[in-house]
Amino acid sequence: MGENWIKACDIEDVDEEDVIRFDFSGRTFAIYRSADDEFFATDGLCTHEKVHLADGLVMKNIIECPKHNGRFDYKTGEAKGAPVCVNLRTYPTKVHDGEVFIRIGSAS
Ligand code: FES
């Protein structure tokens with residue numbers, strides 16, 4: 001599907017080591033800002049039950065689900081412990097002129 005960058009937010013919308021929810025086209029995503037000021041994007045819902053990860057807690061490269069405290073590495077999407085066992089899908093991000101974009105077009 002080629003380049004399909006969607007603006008998710010402005011950089012100042014996300015604090016360092018925090019996450020926000022971004023809804024687009026009937027889907028929900030989570031946008032993370034790491035302590036070293038990089039941006040990452042994953043699916044917005046936990047793979048255990050459909051809970052918004054943006055309501056969870058960011059610790060270093062980990063997002064902790066607010067419901068059962070399942071953990072994922074938000075940089076890779078890797079599930080990091082019970083009860084989550086299915087990885088999160090991740091999406092490429094880029095920053096341009098103070099705005100954060102994610103590329104979701106090639107996701108199946
Ligand atoms: S809903 Fe996320 S760990 Fe259960």
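Student: What should I know before I start?
Tutor: Residues are numbered from 1 along each chain as its sequence is written. The model is predicted, so local features need pLDDT of at least 70 and side-chain atom pairs 80 or more, while totals for chains, interfaces and linings use all residues; side-chain values use heavy atoms, without hydrogens and water.

Student: How many aromatic pairs does a search of the whole structure find?
Tutor: Five. Rings of Phe, Tyr and Trp (its six-membered ring) pair if their centres lie within 6.5 Å; planes under 30 degrees apart are stacked, over 60 edge-to-face, the rest tilted. Y32 and Y74 make a stacked pair, 4.5 Å centre to centre with 0° between the planes.

Student: Where do Y32 and Y74 sit in the chain?
Tutor: Y32 is in strand β3 (residues 27-33), and Y74 is in the loop between β7 (71-73) and β8 (79-81). They are 42 residues apart. Strands are DSSP runs of E, at least two residues, numbered from the N terminus.

Student: Is Y32 buried or exposed?
Tutor: Buried, at 0% relative accessible area. Y74 is also buried, at 0%. Buried means under 20%, exposed over 50%, partly exposed in between (1.4 Å probe, protein chains only).

Student: Which residues form the aromatic cluster?
Tutor: F22, F24, F29 and Y91.

Student: New topic. Where is E17?
Tutor: E17 is in the loop between β1 (5-10) and β2 (18-24). At 35% relative accessibility, E17 is partly exposed.

Student: And S34, buried or exposed?
Tutor: S34 is buried, at 2% relative accessibility. S34 lies in the loop between β3 and β4 (39-43).

Technical notes:
Helices (H or I, at least four residues) and strands (E, at least two) are DSSP runs, numbered from the N terminus.
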